[in-house]
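Q: Could you walk me through this model before I set anything up with it?

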2 protein chains.
Amino acid sequence: MKEKLYIIKIGGNVIDSPKALDRFLSDFSAIKGKKILVHGGGKIATELGKKLGIETKMVEGRRITDAATIDLVTMTYAGLINKKMVAALQSKNCNAIGFSGADGNLIRAVKRPVKTIDYGFVGDIEDGSINSTLVVSLLGQEVMPVVCPITHDGNGNLLNTNADTIAAVLAVAMASSYETRLFYCFEKNGVLRDVNDDSSFIPELSQNHYEEMKGKKQIYEGMIPKLDNAFLTVSKGVHSVYICNAFHLSSIVNNAQPIGTRIS
Amino acid sequence: MKEKLYIIKIGGNVIDSPKALDRFLSDFSAIKGKKILVHGGGKIATELGKKLGIETKMVEGRRITDAATIDLVTMTYAGLINKKMVAALQSKNCNAIGFSGADGNLIRAVKRPVKTIDYGFVGDIEDGSINSTLVVSLLGQEVMPVVCPITHDGNGNLLNTNADTIAAVLAVAMASSYETRLFYCFEKNGVLRDVNDDSSFIPELSQNHYEEMKGKKQIYEGMIPKLDNAFLTVSKGVHSVYICNAFHLSSIVNNAQPIGTRIS
């Protein structure tokens, strides 16, 4: 039987609140066994960009990453956010190690080709772009990776990359070595029937049910890439995927209170 | 016979010039065998601080690191500078991995006690504060650490730490596993008899000679902590220490042109 591995993606809203983040990191530290944390960036980069006069340019809900912006997100995600999390985890007896995708060639990406829109320094990743040997070696030494959403292209360029996708591709890469459980943690209780009612979470979501809800526009926009990634990973050998509230992570891991949506 | 390990400290002036840095990183990549890069910060943090309205406060030549400043140097050193170097090294076929002292508990420091001056988030390190097990494991996998001058105290605080000292303490920690050679690289040709004449470098400097020169005020101020660190490491089992021009590193490593000062 394979050993369990928890891969936990934490979103922007929890990162933006120091108090919420500290509580979440305590819960993460308390999980027994092997674990990987993947974090997004949140509003901190946008706020810092304002101070530096770097304008946030969004096209169709996506950030355009020019040369000044990739420097900004590298500083913020790989520097400030990642190192503060790692230092906090160290103080909670979790031997964390921070990663961008460039470190140890952890995640190689392809700079998104210019079609109608030039997204700039944005990286797309595919299965097979993970240095899983290094991750297995570190986990074997009880060192837990904390991964920020910056990758590299092997030609010296750092690339801004979606953190949900990083978590999914990591989970697929690790599935041959571990019984891998992927958690997308955010501020809601899971996939909700009614976005305004946190108690309306769907305990188990099948691909058919998802397609049906998507057809009826019952799934809101930000959730679609998360769920598309989730279903893809389950089909590629990941043991289970949950979408849940960051503060229900411990309950789900310990099978105490299954509040959240399990993807099946 | 122990395997060789090169620990190379690169200073601010080379980092401040993208062209010089690229050339140096090519030379670093080309060194055969195990190696660790330790880098300083240089003027980038000060420039960024100006834009963010974070004033640089110096007392007796040392930076006072308040809460805003530790965020600034963490972003700059651990984020921007470290990740750009790692991505560049990856493109030059060197499997580099970036580190702050918090990552993998690599370097634990003590927040400098307040006596007459409160230096803020500044860390002092001692021998024995290095997680050498992790370094040995990574080097064994041909993964080369790139270390920025940020450490942690184990209580969740990141600390600004002198990069020369980090290089020295790392060298001492690795000396039991490797035949460790420490290089302090900067823009001059070594310890100079005449600071304005780059050809006046002293090929070999003994402790007695150093003390004599120091007594006669022939050693300029910035060199003293480098040399104090250098002599200390030699006395603690480090095979050799060189103070040299960043662009003579290859020559010295390959025993071609011994331009630079060897500490003996």
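What follows is a chat about the symmetry, the core, a helix and some backbone angles.

Q: What kind of model is this, and how are residues and chains labelled?
A: This is a predicted model, in which local features need pLDDT of at least 70 and side-chain atom pairs count only at pLDDT 80 or more, while totals for chains, interfaces and linings use all residues. Residues are numbered from 1 along each chain as its sequence is written, and chains are lettered from A and ligands numbered from 1 in the order in which they are written.

Q: What rotation superposes chain B on chain A?
A: A rotation of 180 degrees with 0.0 Å of shift along its axis does so, at an RMSD of 0.0 Å (by least squares on the C-alpha atoms of residues with pLDDT of at least 70 in both copies). That is the relation of a two-fold axis.

Q: Which C-alpha of chain B is nearest the axis?
A: That of Gly79(B), which lies 1.8 Å from the axis. The same surface serves both copies, since 100% of the contact residues of chain B recur in chain A (contact puts C-beta atoms, placed from the backbone, within 7 Å).

Q: Switching to the largest nonpolar core, which residues touch the most other members?
A: Of its 180 residues, these are Ile7(A), Leu170(A), Ile7(B) and Leu170(B). Such a core is a set of buried Ala, Val, Leu, Ile, Met, Phe, Trp, Tyr and Cys residues joined through C-beta atoms within 7 Å, where buried means 20 or more other C-beta atoms within 10 Å, exposed 12 or fewer, and partly exposed in between.

Q: And what is Ile7(A) in contact with, leaving aside its neighbours within four places in sequence?
A: Its partners include Ile36(A), Val38(A), Leu170(A), Met174(A) and Leu182(A).

Q: Which residues of α8(B) are buried?
A: They are Met223(B), Lys226(B), Leu227(B), Asn229(B), Ala230(B), Thr233(B) and Val234(B). They cover an arc of only 160 degrees around the axis, which puts them on the same side of α8(B), whereas Ile224(B) and Ser235(B) on the other side are exposed.

Q: What covers the buried ones?
A: The cover includes α6 (163-174), β11 (179-186) and α7 (207-215) of chain B.

Q: Where is Asn105(A), and is it buried or exposed?
A: Asn105(A) sits in the loop between β5 (96-99) and β6 (110-111) of chain A, and it is buried, with 21 other C-beta atoms within 10 Å. Its phi is positive, near 55 degrees, although it is a residue other than glycine.

Notes
Contact = placed C-beta atoms within 7 Å. Helix = DSSP H or I, 4+ residues; strand = E, 2+ residues; numbered from the N terminus. Arc of directions from axis to C-beta.
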